[in-house]
Amino acid sequence: FSDRVGRKKSGAIAIFLMVLGALFIAMIRDIVFITLGFLLYGIGVGGMESVMFALTSDVNREKAGQHLIFSQALFSIGAMLSPLLLAKILPRESYQIVYVFVFILCLFACFVVYRMPFDESREKEAGKEQIGFFKMLKHPYLIFLMLSIIVSTGSESAFTYWSGVFFDSVHASQLGAIALSTYWFASILGRLLS
């Protein structure tokens, strides 16, 4: 999508979906709308990350891999800090205030991304290059790497879910936040050292 309509527009659209999702989660206490909010927010986050990776790759062609990994380490900083901060400043049932804050930040980010000065000629080049998913499936090592990413991401999601449930069950929610932040801190080290 970003190859066709441009990085700035698709990035702004993705962030706008995050805005809508955060607004639904923050303002409507109905489970259907909260679920819809998470759906929109997830689509927006995935879209925003993809566009950010594409921009990083466009700008840093020669060393795109290193810059992409560094960007992933930056994602982990937010994941590391947020459980600790939220556990310290907010009771667990006050989740909606977090999404009001996220709504405001995303609204601002949507405007900034759309106004970013960016040379769109590289986007046109990228749009001409076809990525063949089925071509990738013909390479056994790539299949192994893709499956490894699926397992890794699945275990990451399972850990983040399980750690909260476990520490809640032993009445130590704050330790769950520390465990989660420790995991993400280790992730930063692993990405940068690797």
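Biologist: In what order do the elements of the chain run from the N terminus on?

Modeller: Helices (H or I, at least four residues) and strands (E, at least two) are DSSP runs, numbered from the N terminus. Here the elements run α-α-α-α-α-α-α-α-α, and the chain has nine helices and zero strands. This is a predicted model, in which local features need pLDDT of at least 70 and side-chain atom pairs count only at pLDDT 80 or more, whereas totals for chains, interfaces and linings use all residues. Residues are numbered from 1 along each chain as its sequence is written, and side-chain values use heavy atoms, with hydrogens and water left out.

Biologist: At what angle do the axes of α2 and α3 cross?

Modeller: Axes are lines fitted to C-alpha atoms, for helices over the stretch in contact, and angles run from 0 to 180 degrees between N-to-C directions. For helix α2 (residues 7-27) and helix α3 (residues 31-59), the axes come within 7 Å and cross at roughly 155 degrees. Angles under 35 degrees count as roughly parallel, over 145 as roughly antiparallel, 65 to 115 as roughly perpendicular and the rest as oblique, so α2 is roughly antiparallel to α3.

Biologist: Which classes of residue make up the contact of α2 with α3?

Modeller: Ala, Val, Leu, Ile, Met, Phe, Trp, Tyr, Cys and Pro count as nonpolar, Asp, Glu, Lys and Arg as charged, and the others, Gly among them, as polar. The contact of α2 with α3 divides into 20 nonpolar, six polar and two charged residues.

Biologist: How does α2 pack with α5?

Modeller: Helix α2 and helix α5 (residues 95-114) pack at an angle of about 160 degrees, with their axes 8 Å apart, which makes α2 roughly antiparallel to α5. In the contact of α2 with α5 there are 21 nonpolar, two polar and two charged residues.

Biologist: What is the handedness of the crossing of α8 and α9?

Modeller: A crossing is left-handed if the near helix is turned anticlockwise from the far one by less than a right angle, and right-handed if clockwise. The crossing of α8 and α9 is right-handed, whereas α2 passes α3 in a left-handed crossing.
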